[in-house]
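Please keep the sequence and the coordinates open while reading.

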Amino acid sequence: MAEKSKTVRAKGDADHLHDVGKTDTIHHESTRKAARPKKMADLNLTSMLDVCFQLLIFFILTASFAVGEGILPAELPTGQGKASDTEAPEQPIKLFLRSLGGDDVSIQIEGSPTPPRDFRELFSVLQGMQNSPSNPTAPYNADDPVIIKPDGTVKWVHVVNTFNAAIRAKYTNVNFATPNK
Amino acid sequence: MAKKHEVEKQEVSLNLTSMMDIVFQLIIFFLLVTNFTSAELPELEPPDLEHSEAIEIDGRDKLVINIIPDSSTGMAKAVQVGMQKIPPGAYNQLTDIVSQVKTDRPDVEIDLRADASINYENVQPVMNAITAAGVARINLVAYLDASNPKREKRE
C-alpha cells in the first residue's frame, strides 16, 4: 500500500492509478519512468554558487577604489619639452610660495603690495588682474604666462591649490618654476 | 519508512536557478564598473583643493606616477610608476620607464599623483625626470570639487 501511494504521488495522474492496481509489472515500470526526470533536475549547483559568490565579493571589494579623483592638465617646468618653447613673454605673473612651517604658507604676487591670505583671495586677485570685456583696464591677458615659484619645503597641496586658483581665473598658460633654494 | 525517503528527496531539490541569475547579474555589473587600474593607485591622499577645477575623463590611456609619502614629514617614501615601485632617488630609472612606455603607447598621458603632504622639492625632481623623457604635458591628480556628485571621499 505504501508503494502504491508513492507511485501515485510520483506520477500524479488518476489514469495510472488503475494500471497500478492491476499488475505488478506495470507498477515497476511506471516507478522507473517517474524517477528519471527527477534525477535530471538534481544537478548540484553548490560549488558553482560558491565560486560565483567568491567572484562577487572580490568585485564588490575592488570596485570604486579611486572615486572622486580628477585631473588638472598642466605643462611641465623648464626642460627640453614643448613647454619651454614659448618665446620670452613680456609680462609674466609670478606667484611665490613660501613655507611658514607646518602646513602654513604665504602667497605673494610679484609687484603686488598686499599678499593674498588664502587661495580664495588669490583667485579673486588673479581674476581682477585679467583683461576681460567686463574689466577692460586690467593689465594682463588670459594667455599671459603665470609662473608658480614654490619654495622647496612648500607642501604639494599648496602648489596644486595655487595652480588651481590660476586656471580657475581662466589663465591658460600656467607653469611651474624650479624651486629657489 | 517510505515517507521518510520522500521527504529527503524533496529537500535536495531546492531550486537555486533564480538565485544564480541574480548572482550572475551582480557579477557582470561589478565586472563592468570595476577599474582594473586600482593596483596602480596605492593608498595616498591627493590634494584637496578649494573650488577644485579637476575634471574626470574616462577611457583614456594613462600612466600613473605616484609619489608615496613617508608619514607626514614631507619626504617621499617611494615613487610608483604603474605597478613598478622605485626608490625616491632613482630618477634616471624613472626617465627610462617613462620614455619606454611613451614609445610603446604614443598616446599615453602621464598622471602625477602625489600625496598632498609631500614637499615640492620632492615632487620637482620627478617632474624633471618626466620632462627628460620628452613629455611636456602631464595631469595633476587632485580631488574633485566637494560639490561634485561623483566625489565620495575615502575615509
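In helix 5 of chain A, A:Phe119, A:Leu122, A:Phe123 and A:Leu126 meet A:His158, A:Asn161, A:Thr162, A:Ala165, A:Ala166 and A:Arg168 of helix 6 of chain A. Contact means heavy atoms within 4.5 Å, and helices (H or I, at least four residues) and strands (E, at least two) are DSSP runs numbered from the N terminus. By class, the residues of this contact divide into six nonpolar, three polar and one charged. Here Ala, Val, Leu, Ile, Met, Phe, Trp, Tyr, Cys and Pro count as nonpolar, Asp, Glu, Lys and Arg as charged, and the others, Gly among them, as polar. The axes of helix 5 and helix 6 (residues 156-168) of chain A come within 8 Å and cross at roughly 35°. Axes are lines fitted to C-alpha atoms, for helices over the stretch in contact, and angles run from 0 to 180 degrees between N-to-C directions. The crossing of these two helices is right-handed; a crossing is left-handed if the near helix is turned anticlockwise from the far one by less than a right angle, and right-handed if clockwise.

The model is a predicted one, in which local features need pLDDT of at least 70 and side-chain atom pairs count only at pLDDT 80 or more, while totals for chains, interfaces and linings use all residues. Residues are numbered from 1 along each chain as its sequence is written, chains are lettered from A and ligands numbered from 1 in the order in which they are written, and side-chain values use heavy atoms, with hydrogens and water left out.

A:Arg120 also belongs to helix 5 of chain A. At 48% relative accessibility, A:Arg120 is partly exposed; buried means under 20% relative accessible area, exposed over 50%, and partly exposed in between (1.4 Å probe, protein chains only). Leaving aside neighbours within four places in sequence, A:Arg120 is in contact with B:Glu50 and B:His51.

B:His51 lies in the loop between helix 2 and strand 1 (62-69) of chain B and is partly exposed, with a relative accessible area of 36%. Its phi is near 50°, a positive value in a residue other than glycine. Most residues other than glycine have a negative phi. A:Lys170 has a positive phi too, near 70°. This lysine is in the loop between helix 6 and strand 5 (174-176) of chain A and is exposed at 57% relative accessibility.

A:Lys170 is one of the residues touched by A:Gln130, and others include A:Asn135, A:Tyr140 and A:Tyr171. A:Gln130 is in the loop between helix 5 (119-128) and strand 4 (146-150) of chain A. Is this glutamine buried or exposed? With a relative accessible area of 10%, A:Gln130 is buried.

Another contact between helices joins the two chains. The axes of helix 4 (residues 46-62) of chain A and helix 2 (residues 17-33) of chain B come within 9 Å and cross at roughly 30°. That makes the two helices roughly parallel; angles under 35 degrees count as roughly parallel, over 145 as roughly antiparallel, 65 to 115 as roughly perpendicular and the rest as oblique. The crossing is left-handed. Among the residues making the contact are A:Leu49, A:Cys52, A:Leu56 and A:Phe59 from chain A, and B:Val23, B:Ile27 and B:Phe30 from chain B. By class, the contact has 16 nonpolar, no polar and no charged residues.

Chain B has four helices and five strands, which run α-α-β-β-β-α-β-α-β from the N terminus on. Buried residues make up 44% of its 155 residues. B:Asp111 lies in strand 4 (residues 109-114) of chain B and is buried, at 2% relative accessibility. Its contacts beyond four places in sequence include A:Ile71, B:Arg60, B:Lys62 and B:Ile65.

B:Ile65 is also among the residues with the most contacts inside the largest nonpolar core, which has 58 residues. A second, separate core of six residues includes A:Cys52, A:Leu56, B:Val23 and B:Phe30. A nonpolar core is a set of buried Ala, Val, Leu, Ile, Met, Phe, Trp, Tyr and Cys residues joined through side-chain atoms within 4.5 Å.
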